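Please open the model in your viewer and keep a selection panel at hand. The tour goes from the whole chain to single side chains.

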Amino acid sequence: MKHDPSRCMHCGACVNVCPSGALELEDTLLIGDGCRECLACAAVCPVDAMGCEDEV
């Protein structure tokens with residue numbers, strides 16, 4: 001999973017849909033070890049800041 005902080009608007013949509021609770025929003029988005037790379041976060045991101053390594 002990859003996050004592009006230059007696109008992120010810190011809306012928290014990704015954190016709210018993460019089924020494993022691996023995302024935490026502080027000053028930046030933190031992706032924890034529990035990330036299963038299900039891409040639920042990418043599906044709801046309004047600015048395409050989340051995605052696979054080669055997509056963001």
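What follows is a list of selections, each with a note on what is there.

The model is predicted, so that local features need pLDDT of at least 70 and side-chain atom pairs count only at pLDDT 80 or more, whereas totals for chains, interfaces and linings use all residues. Residues are numbered from 1 along each chain as its sequence is written, and side-chain values use heavy atoms, with hydrogens and water left out.

**Select the whole protein.** In cartoon view there are two helices and four strands, which follow the pattern β-α-β-β-α-β along the sequence; helices (H or I, at least four residues) and strands (E, at least two) are DSSP runs numbered from the N terminus. The C-alpha trace spans about 25 × 25 × 15 Å along its principal axes. The radius of gyration, taken over C-alpha atoms, is 10 Å, which agrees with the value near 10 Å for a compact globule of 56 residues, the globule rule being 2.2 Å times the number of residues to the power 0.38.

**Colour by accessibility.** Of the 56 residues, 29% are buried, where buried means under 20% relative accessible area, exposed over 50%, and partly exposed in between (1.4 Å probe, protein chains only).

**Select Asp4.** This residue lies in the loop between β1 (2–3) and α1 (13–17), and counts as buried because its relative accessibility is 17%.

Arg7 is partly exposed, at 38% relative accessibility.

How many disulfides does the structure hold? There are zero, a disulfide being a pair of cysteine sulfur atoms within 2.5 Å. The sulfur of Cys14 has its closest cysteine sulfur in Cys41, 6.2 Å away and therefore too far for a bond. For Cys52 the closest cysteine sulfur is also in Cys41, at 9.2 Å, again too far for a bond. Cys14 is buried at 10% relative accessible area, while Cys52 is partly exposed at 27%.
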